[in-house]
Amino acid sequence: MRRWDPLLQLAMPVLLVVLTAVLASGFASPADSVKFRNVLIEISVVVGLYVFVGNSGVLSFGQISFVAVGAFSAGVMTVPSDVKPNVLTTLFPFIKNHSIGNVTSLLLAAGVGMIYALIVGIPLMRLSGLAAGIATFAVLGITYNILKYWDRIGPGATTLTLIPATTDYVQATAGAVGVIIAAFLYQRSRWGRLLRATREDPAAAQAAGIDIHRQRLWAFVLSGGLCGFAGGLLVHLLESINVDQVYLDLTFLTLAMLVVGGSQSLLGAVVGGLTVGLVNILLSDLEHKWHVGGASILPGGSSLVGVAIVMLAVLLVRPSGITGGREFDAGWISRLFARGPSTAERVPPAA
Amino acid sequence: MILAVASAHVQAIIDAIGSGAVFALIAVGIGLVFGVLRLVNFAYGQLIMIAAYMLAFTDGWNDAFSIVVAVAVTVFAVLVMERVAFRPLRTTSPATMLVATFAISFLLQNAALLRYTYKDRPQGDSIGTLAELNRAITIGQVHVRWVTIVAICTASLALAGLALLLGWTSLGLQLRAAANDFQTARLLGVRANTVIMWAVAISGVLAAFAAVILSISRQQVDQTTGLDVTIFVLIGVVVGGMENLVSATLGGFLIGFANSLVGAELPTQGSWPFTSNVYLPSVIYLAVILVLLVRPGGLFARSGQAAVERV
């Protein structure tokens, strides 16, 4: 059975995402359809976040910067060039006068995210602990501030509109699956294992000759690319975007998703994104759509309160996340059918 | 002319000290809890918000009464927070505790938002507490608002009181022992729950004081009240050095001071990043990154004491 574990580890998260997408595309109302695709994109962001935070054990509040630059580069570059000079008059000429297609824009978003992560990561990856958390937060603050006010590179404080809506279920699902596969291949690669070793014991890892800075940087750059790519998908879903949509709320939401699912496993990233995302959809439907005797079940605006309570409750019951930071393996199935305390319980893998 | 320019700078510096004083108050509240619990309380801003709401709800009352109510309710709220969330999670990873406080913060913000979505109210509730302190006294060409003086005095008194408490009482000794080495302190007979509850309660009182001062000049409260200022103070506390209450407080003061002063001194014109005062946060954040790269343990931390190291 163990031989199949790697495949199961990949198959389970992929299955969850695909199943959600298939069910949602079949049954969800048009209004909910956008929300479901949004959850798929949020999962991509959370998995991108996991690639760095989960594997390195270093908290980053900065990954949404890469979502933001990905979203805005993909968005600004796909506004049709015949209208762009009239709507976005202040742009640099080479941005103003060129437009690119859908797939190119997603690649651009990933590329911009990677390059930005590389530039930022070279100095910042020297830091650990709270200092790393605050420094990456500072990056987010700078990114937000510049995107909001520098109207030579984007829409500034106004909302960017007229972005082609190309993120359908196929693209959102394929994107999320692609991100999951990339994260999976990375964590099983030599580099991924080296980085995980530094997470478990930095001193021992360094003594074994691992360059912590370099390993963290690779993960940070890959994470930046995946987050940028997810940003590209996001902008093509929303059709219009404001810089506030890729700032604090998304940062806290995605971090919370990761921790709720279990920050040390790929499965945890997907399960956390899915759980919080679906609870959010369910509660907002209770609030807006489903009525009992003329009154909606939940008072208006209360769904987010509910999401917060669910998040808190999960953390209180399972502080290391729903999955406990473990990947899926055959043992889960045998434990499920085992009676009494499981004998199949083993030391969690380095996951 | 020279006098006018000089007094403009003096004005900016006095305002900056006032702003730094409030930030320092909040920094102490955050640093105190971090010291004993190793918990970064992101929901601290929502304690400020709760206190500000209490001021708004008791707007018609005598100012002294409404401040007392604000302090009492805030302390109650933070004790509930401690009992419900901090205590069960005390032994978990710092990331879990931090995300739990995110969740509380998110919960309280959205609960406050309900007030405005459920009924058709205008955004925000107004606060008239101590509004007369917004008047200024003029010395030469420098206008100092009373609230600035009150902020500086309150912060100084609160910090002095805290220093006395920490340095001269048994409780203070226990708090310092717990902050220094929690396990050993417990072995020596320090009651963990009592000490933590005191630390948390004091942080609640400080949040309420900060809320009163902030509310005097803003005169309004909504669901975002306290959020930005807490984020800034958290950054300041880490930049100053979180391991030690004094360095954390200095860090909080410094970021409030720098934010106010740089904002006043940056030109209002300039279209490239970092050249005008709309880019003030970027300038501050860039300085934060540079400080952390040079001194990751904090600007005011003694060397060798830092919990964080570069790799």
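This is a predicted model: local features need pLDDT of at least 70, side-chain atom pairs count only at pLDDT 80 or more; totals for chains, interfaces and linings use all residues.
**Entry 1: polar contacts between the chains.** I found five residue pairs in polar contact, both residues being at pLDDT 80 or more. I then searched for salt bridges between chain B and chain A, and the count is zero.

**Entry 2: the side of chain B.** I asked which helices of chain B each supply at least two residues of the side that touches chain A. They are α3 (63-86), α4 (94-118), α9 (227-240) and α11 (280-294) of chain B. I noted that α4(B) gives the most to this side, with 15 residues. By residue class, I recorded 40 nonpolar, six polar and two charged residues on the side of chain B that touches chain A.

**Entry 3: extent of the interface.** I looked up how many residues each chain brings to the contact: 48 come from chain B and 45 from chain A. Between them, chain B and chain A bury about 3900 Å², and 83% of this lies on carbon and sulfur atoms.

**Entry 4: a helix pair within chain A.** I turned to helix α8 (residues 169-188) and helix α9 (residues 190-200), both of chain A. Their axes are 4 Å apart, and the helices pack at an angle of about 70°. Angles of 65 to 115 degrees count as roughly perpendicular, so α8(A) is roughly perpendicular to α9(A). I listed the residues that make the contact: α8(A) provides A:Tyr186, A:Gln187 and A:Arg188, while α9(A) provides A:Arg190, A:Trp191, A:Gly192, A:Arg193, A:Leu195 and A:Arg196. I sorted the residues of this contact of α8(A) with α9(A) into four charged, three nonpolar and two polar.

Note on methods: Residues are numbered from 1 along each chain as its sequence is written. Chains are lettered from A and ligands numbered from 1 in the order in which they are written. Side-chain values use heavy atoms; hydrogens and water are left out. Axes are lines fitted to C-alpha atoms, for helices over the stretch in contact, and angles run from 0 to 180 degrees between N-to-C directions. Angles under 35 degrees count as roughly parallel, over 145 as roughly antiparallel, 65 to 115 as roughly perpendicular and the rest as oblique. Contact means heavy atoms within 4.5 Å. Ala, Val, Leu, Ile, Met, Phe, Trp, Tyr, Cys and Pro count as nonpolar, Asp, Glu, Lys and Arg as charged, and the others, Gly among them, as polar. Buried area is the accessible area (1.4 Å probe) that two parts lose on being put together, summed over both. A salt bridge is a side-chain nitrogen of Lys or Arg within 4 Å of a carboxyl oxygen of Asp or Glu. A polar contact is a pair of N or O atoms within 3.5 Å; within protein, one must be able to donate a hydrogen and the other to accept it, and residues adjacent in sequence count only if both atoms are side-chain atoms.
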